[in-house]
Amino acid sequence: MAGARLAAVGGLVRELLREEAPSRIAALTEELFQAAGSICEEDGSAAEVEPRPAGPVPPSSPPEESGVQAAALAQVEEGAISLWNWAVTKHMGSVVNDEQRAKLRFVACRLVCLCEGSDPPEGTIRRQILMSMKTGKGWIDIGKADLADGFLEIAMNSIEKLYAKLLKGSNGEADIHVHKADVEKNLFKVLSYQAESAVAQGDFQKAVMSVQRCKDMLIKLPKETCYLSILCYNFGVETYEWKRYEQSSFWLSQSYDIGKMDMKYSIGKEMQAKVLRLLATAYFEWDCNLYLDKALKAINLANQENLHPAGFYLKIKILLKSGASDEDISSALSEFLHHQMSLDFCLNTAKLLLEHGREPVGFDLLKSISERFESSPDRGKITLLHIEFLLQNKRELLAKQKVEEIIIGHYTGKQLLPEALNRLHIILWDRAAKHYEAKSYSEALHWYNYSVSFYTPGQIDQNLAKLQRNMASCYLHLRQVDKAKEAVREAERCDPNSIFTKFSVYKIAVMEKDADKAVEAVIEMGKLAEKPSQHEDKLRVDENTGTNLLSLAAQIALENEQQVVAIKALEYLSEHLQDCQQLFAALKCLVRLTLSKVMAENEEKRDEDINSMLTYLTLAHKRLAESFTEEKFTEDMRILEAHWFRKVAWNLAVQFRGCPKKMRDFFLLSFKLSQFCPSDKAVLLAQKTCLLMAAAVDLEMGRQQETPSEQMELLNQALQHLQACKEIWKVLKLTGDFAKDPTDTLLLLYEFEARSKLNDPTLHNLMESVWEQPHIEVKTLEIIASLAMEPPARYPVLCKKALKSALNLHRKQTVIDAVKFSKCLHSLINLSLPTGLTDLDACVLQEVWDYFEDALSVVSSTDAYPEMEILWLMTRAWNTGIFQYTVGKYKEAEQWCGLGMRFLNHLGSLKKSYEGHMIGLYSEVLDKLDRAKGFLPNEEE
């Protein structure tokens with residue numbers, strides 16, 4: 001099993017050595033690393049395969065088997081060495097990175113260990129020491145020190161083996177010393193690597209022991225003094241960065257001590273001073289009060305070793321922290337003032353003193369360096385620092401004097417360097433801003449005017465534009481509008497395309513109640529907010545700047561009761577806001593403002609504002625749909641906002657019911673918005689009503705459309721709303737008793753109207769389910785009948801069937817409602833017996849005759865039958881008889897005219913008006929009938 005695994009690893013090695021593709025090299029490296037690691041883990045040691053014997057093969061092992069095993073191990077060993085060399089070459093060529101090289105070294109070293117015999121030759125041991133050390137060091141260098149320990153231990157064991165082997169073959173004391181010196185070099189390296197590993201893993205004691213052994217070996221290896229000193233310094237740096245100050249101070253002390261052991265191989269005075277400065281810093285940050293003396297001693301030693309500004313600066317810091325007197329600090333300062341120090345260093349020292357409240361010493365130092373650097377072009381830096389600290393100490397009058405001196409110098413040939421002048425502008429603006437925040441606008445203007453003094457007349461500069469805008473703001477607060485206008489004109493000259501300039505124009509327009517100009521400025525701001533900004537010193541303005549200014553513009557307009565301007569600002573704001581909560585707040589404000597505006601307007605002006613509200617609600621729906629990707633906008637927030645906007649849309653739909661199209665759009669928006677709310681009963685009821693109302697409006701608008709295409713579009717829309725409504729209604733009916741709810745009836749009637757007018761082939765299927773309903777109402781059937789014949793629909797068969805069903809229901813009533821019955825019968829007769837037709841089928845006439853008989857029976861049984869309906873029935877029956885008479889059908893004529901006479905008997909006050917005329921004509925009809933009979937042949941003859 002072990003041999004098979006080793007063979008597999010060998011195969012991977014050979015494949016890797018042939019590979020050129022970087023991606024494949026990376027994959028094979030990882031595969032090799034895992035495979036080699038698993039071999040070692042299963043065995044728990046470095047020798048899963050039995051080591052190759054040094055002597056003869058034992059008699060119990062067949063010679064062939066031992067030979068094969070030896071050859072296999074030799075092949076593995078050769079492959080491991082090739083892999084090692086390949087990794088070195090490829091790393092130099094940047095084909096493999098540091099971690100991949102460490103993994104390949106791991107594999108090669110493990111394979112060599114597996115192939116080691118019980119008594120390897122000196123060359124093999126030396127190679128193993130080298131490979132183990134480099135493998136361990138490789139793991140340390142890539143931050144995986146825990147993987148290094150095993151290899152460093154192997155290296156240590158191999159060194160012992162080598163030493164034992166060398167002693168065994170030595171010829172006297174001289175040889176022993178040579179061999180010992182040879183071994184000690186490697187031992188020193190391994191110990192130093194073990195120290196590195198221990199520090200990286202936080203094992204301070206182990207690191208100390210390893211370094212101490214190295215330190216003891218320096219007597220014999222003096223050339224390693226510099227290396228060990230720097231190693232300890234690096235340990236000190238690492239532990240300092242980890243804030244382990246006690247350990248850091250130990251390592252830095254060791255570094256300094258080791259550096260002094262052999263001056264020939266020392267790290268040099270500069271490096272020693274560097275070590276001591278860090279040691280002083282470690283003591284300082286560890287506990288300055290407790291280790292003050294040690295910190296001062298270390299920094300004094302550092303300054304003795306090598307004069308460096310950092311050393312002097314640190315000494316001043318330590319003295320300040322310790323609470324040293326001004327005299328002690330002045331004494332320390334005098335030490336370095338004798339040396340050539342840079343202006344920046346001197347300024348930093350002065351700044352340090354002033355920040356610690358040592359004004360006398362600090363200002364004395366400023367005076368000294370001012371004299372020293374009188375001719376320096378950077379002398380302005382000294383004055384600036386002086387001004388800054390005067391202002392910090394609230395000595396504003398003295399600071400003003402210094403600024404005025406600079407202004408005079410600016411115009412008398414003593415200009416500041418550009419960098420210093422920029423710094424001065426910042427100081428002046430900061431001071432002005434503080435006064436502005438304190439509402440001391442006149443004082444703020446004073447400091448802004450100092451800044452203006454450095455610009456030449458007519459100069460175009462974006463910073464000058466910003467300065468003028470700031471001054472305009474101060475003037476506005478002081479109600480000095482004319483001066484504010486002048487400042488804004490200057491800003492426009494310097495930076496006309498700045499959103500900030502437009503905002504300044506806007507503020508003035510609002511203050512002057514110039515709504516048109518304010519709206520114009522808002523529009524310009526909105527356009528500029530859409531573009532990437534390149535003003536303000538050519539730096540990109542924060543992406544929220546545009547929205548912040550538009551928000552502020554809206555707030556200013558509202559505070560000044562300028563509703564139209566506020567609406568325009570909020571409209572642009574809502575287009576650019578990314579934050580959902582802010583957007584919905586803006587939209588709510590827009591809806592409220594626009595609604596109050598609409599209520600105060602006449603009908604002619606309302607349309608545009610109603611459309612605006614539709615736009616606001618549509619945007620609210622769009623952003624609610626997008627809000628699922630915004631982490632800060634929670635589900636509860638989304639539901640809360642959706643409820644608010646859906647209710648507003650509902651109320652607006654009700655409020656604008658006089659405008660059907662708008663009403664429908666608001667209802668549909670209310671439905672869409674409600675889809676973001678939990679589907680409880682109240683929401684489902686609202687959704688159902690919204691869709692029903694939208695369908696009803698579409699049908700109503702469809703009735704009024706003249707073009708077929710527009711009518712079809714509206715009818716199809718209505719069907720879509722109805723289909724959605726039916727799905728909601730199914731769910732809603734599961735939540736309670738809706739026996740008295742008319743929704744089923746409305747859905748049926750609306751769907752029937754839409755499908756009948758669309759000539760939908762599924763209409764008859766729909767009606768089949770209607771005829772089967774046991775509790776359908778008469779009114780529903782009558783409406784179906786009416787809709788079936790309402791253009792462009794024409795379904796006479798469906799109409800007649802609906803009317804018949806209605807008539808049957810009327811008959812089943814305990815007391816027949818004669819009025820409703822008469823109307824239904826009227827419609828049925830009109831449909832079955834069209835006016836003006838004479839050539840009617842006998843079956844049709846018989847059917848219609850039955851309707852008249854039904855009517856006559858009801859008329860005979862009640863006095864409530866409308867007289868005008870009786871008159872109409874009488875007239876239709878009579879006219880039908882007359883039509884029959886005119887075509888020679890006297891028998892049929894006599895029947896129908898007789899039927900008419902029967903209705904005549906039930907007329908009230910109108911009877912006399914028709915009786916004489918009808919009796920005369922009826923007699924004529926009977927006479928004609930008798931004469932017609934005379935001409936008939938006698939059938940019995």
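Which helices each supply at least two residues of the lining of the largest pocket? They are helix H19 (418-437), helix H21 (462-477), helix H23 (499-511) and helix H25 (545-559), where helices (H or I, at least four residues) and strands (E, at least two) are DSSP runs numbered from the N terminus.

1. Basis of the note. The model is predicted, so that local features need pLDDT of at least 70 and side-chain atom pairs count only at pLDDT 80 or more, whereas totals for chains, interfaces and linings use all residues. Residues are numbered from 1 along each chain as its sequence is written, and side-chain values use heavy atoms, with hydrogens and water left out.

2. Confidence. The average pLDDT of the chain (the predictor's confidence in each residue, from 0 to 100) is 84, and 92% of the residues score at least 70. Over residues 41-61 pLDDT stays under 50, and the model has 35 contacts (heavy atoms within 4.5 Å) for them beyond four places in sequence. Residues 535-541 also stay under 50, with 22 contacts beyond four places in sequence. Where pLDDT is low, the predicted coordinates should not be read in detail.

3. Largest pocket. The space in the largest pocket is about 780 Å³. Among its 23 lining residues, Tyr436, Ser473, His477, Phe503 and Lys507 are the closest to the centre. By class, the lining has eleven nonpolar, five polar and seven charged residues; Ala, Val, Leu, Ile, Met, Phe, Trp, Tyr, Cys and Pro count as nonpolar, Asp, Glu, Lys and Arg as charged, and the others, Gly among them, as polar. On a 1 Å grid over the protein atoms alone, a pocket is an open set of points with protein on both sides within 12 Å along at least five of seven lines, a cavity is a set where a 1.4 Å probe fits but cannot get out, and lining residues have an atom within 4 Å of a point. Points are joined across faces, edges and corners, and a volume is the space filled by probe spheres set on them.

4. Second largest pocket. About 610 Å³ of space lies here. Of the 24 lining residues, Asp744, Thr745, Leu746, Leu748 and Gln773 are the closest to the centre. Helix H32 (708-733), helix H33 (743-757) and helix H34 (763-771) give two or more residues each to this lining, and H33 gives the most, with seven.

5. Cavity. The whole structure has one cavity of 30 Å³ or more. The largest cavity is lined by Val199, Gly202, Phe204, Thr239, Trp242, Arg244, Gln247 and Trp251.

6. Nonpolar cores. A nonpolar core is a set of buried Ala, Val, Leu, Ile, Met, Phe, Trp, Tyr and Cys residues joined through side-chain atoms within 4.5 Å. In the largest, of 176 residues, Ile318, Ile329, Leu366, Leu424, Tyr506 and Phe666 touch the most other members. Helix H31 (residues 681-704) contributes the largest share of this core, eleven residues. Beyond four places in sequence, Leu424 is in contact with Leu384, Ile387, Ile406, Leu416 and Phe454.

7. Arg664. This residue lies in helix H30 (residues 660-674). Arg664 has a relative accessible area of 8% and is therefore buried (under 20%; exposed is over 50%, partly exposed in between, with a 1.4 Å probe and protein chains only). Not counting residues up to four places away in sequence, Arg664 touches Ala694, Val697, Asp698, Met701, Leu714 and Gln717.
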